[in-house]
Amino acid sequence: MDRLHLLTHGFTVGWAGNSFEDPAFLRVALHLDGYQIFVDTPWLGRGPEELARDVCTTLARPPGEWRASWHAIRPEIDTPPVIAGASWERYRP
């Protein structure tokens, strides 16, 4: 993934792995000013190269276009980050 592109929007990469809720998805966790942002990509039946291309293509788009979920690290924050797009949802474990 293009970490410099992500950094221009304030994101740093935290980790990537199976989604806890649905292991059919690869989850990329990003950090942004007191938030964790989760971007999930379906991976079952796909090879690692195809999955990596799909993840990189998604993250190369403007963040407002992502389908993502957000989680505030500090409990007093209950609003989405300013950069959130219309399809961003609050993460609920």
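**View 1. W66, a buried ring.** W66 is buried, at 0% relative accessible area (buried: under 20% relative accessible area; exposed: over 50%; partly exposed: in between; 1.4 Å probe, protein chains only). This is a predicted model: local features need pLDDT of at least 70, side-chain atom pairs count only at pLDDT 80 or more, and totals for chains, interfaces and linings use all residues. Residues are numbered from 1 along each chain as its sequence is written, and side-chain values use heavy atoms, with hydrogens and water left out.

**View 2. The F11–W66 pair.** The model holds 6 aromatic pairs (Phe, Tyr or Trp rings, six-membered ring for Trp, with centres within 6.5 Å; planes under 30 degrees apart are stacked, over 60 edge-to-face, the rest tilted). F11 and W66 have ring centres 5.2 Å apart and planes at 40 degrees, so this pair is tilted. F11 sits in the loop between α1 (3-8) and β1 (12-18), W66 in the loop between α2 (48-60) and β4 (68-72), so the contact ties together parts 55 residues apart in sequence. Helices (H or I, at least four residues) and strands (E, at least two) are DSSP runs, numbered from the N terminus. F11 is buried, at 1% relative accessibility.

**View 3. The W15–F38 pair.** W15 and F38 form a tilted pair, 6.3 Å centre to centre with 50 degrees between the planes. W15 belongs to strand β1 and F38 to strand β3 (residues 35-42), 23 residues apart. W15 is partly exposed at 29%; F38 is buried at 6%.

**View 4. Ring cluster and a charge at F38.** Ring pairs join W15, F20, F38 and Y91 into a cluster. The charged end of R27 sits over the F38 ring, 4.9 Å from its centre (criterion: NZ of Lys or CZ of Arg within 6 Å of the ring centre and within 35 degrees of the ring normal).
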